[in-house]
Amino acid sequence: MDYDYFSIDAILAENQKIQCTFKHEIPGMGHLGGGTERDIAMLSKIQIPVWLAYTIIYSDWAEFNIPSPFGSRVRNALKAEACSVRLSNLVGAGGLWYGFGKTIMDILSDEQANEMSEMLTKAFRDRLLEVVDQAQHFAALGQAGAGGSSGNTAQSFREGLDATERELFSLAQESAKRTKRWYEEGDGAMR
């Protein structure tokens, strides 16, 4: 996902919240925590959107830990079987796991960002073949496979996909349908 000021995906990814631990007392900003406190006390932990976290972290007022959708538990699950991880359940806002990860990378140090980049890239590569394979399978079912358990299976599989993967799934499915139609029309013309 490229950063674009007007991109809805970028806006949704930057609206995800991360937990920040404040290094200093910040007077008059207690409303950021959503509570009734007037000030933010030193060592307070507050969930704030990424777009605001940039300024707070770079101003050295707070620090943050890598959010749980990118923590060791998820990393280990991705290493064990990437296709079994339901990325859409890890983040809200339409399941923009890759977009949120890219946004978090912008805050991290170079070493941590490279590590996260490798994890995101490996997860994408490991899952891509299955996404395309499933898309072509469900495209081949045509109208006969639209209902019943096959339709439910397709829906269940797609629900676990990140928004980027869902878009690729739809493109691959449409491509398979068009290829099948082209082949059938060409086959009929030869007879």
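**Nonpolar residues, outside and in**

Analyst: Let's start with Leu-12, which sits in helix α1, residues 8-14. This is a predicted model, by the way. Leu-12 has a relative accessible area of 32% and so counts as partly exposed, since that class lies between 20% and 50%. Together with Ile-8 and Ile-11, Leu-12 makes a nonpolar surface patch of about 270 Å².

Now for the inside. The largest nonpolar core has 34 residues, and the members touching the most others are Ile-18, Cys-20, Leu-78, Trp-97 and Ile-104. Two or more residues each come from the strands β1 (17-22), β2 (45-49) and β3 (62-64), and from the helices α2 (50-58), α3 (72-81), α4 (97-105) and α5 (110-141). The top contributor is α2, which gives 6 residues.

Skipping its neighbours within four places in sequence, Leu-78 is in contact with Val-85, Leu-87, Trp-97, Met-119 and Ala-123. A separate core, with 6 residues, lies apart from the largest one; Val-131, Phe-138, Leu-161 and Phe-169 are among its members.

Back to α3: its buried residues are Val-74, Arg-75 and Leu-78. Looking down the helix axis, these buried residues of α3 fall within an arc of 100°, so they line one face of the helix. The other side of α3 has Ser-72, Arg-73, Lys-79 and Ala-80, which are exposed.

Conventions
Residues are numbered from 1 along each chain as its sequence is written. This is a predicted model: local features need pLDDT of at least 70, side-chain atom pairs count only at pLDDT 80 or more; totals for chains, interfaces and linings use all residues. Side-chain values use heavy atoms; hydrogens and water are left out. A nonpolar core is a set of buried Ala, Val, Leu, Ile, Met, Phe, Trp, Tyr and Cys residues joined through side-chain atoms within 4.5 Å. Buried means under 20% relative accessible area, exposed over 50%, partly exposed in between (1.4 Å probe, protein chains only). Helices (H or I, at least four residues) and strands (E, at least two) are DSSP runs, numbered from the N terminus. Contact means heavy atoms within 4.5 Å. Patches are made of residues with over 30% relative accessible area and no salt bridge: like charges are joined within 9 Å, nonpolar side chains (Val, Leu, Ile, Met, Phe, Trp, Tyr) within 5 Å. Accessible areas come from the Shrake-Rupley method with a 1.4 Å probe; for residues, only the protein chains shown count as cover. A salt bridge is a side-chain nitrogen of Lys or Arg within 4 Å of a carboxyl oxygen of Asp or Glu. The arc is that of the directions from the helix axis to the C-beta atoms.
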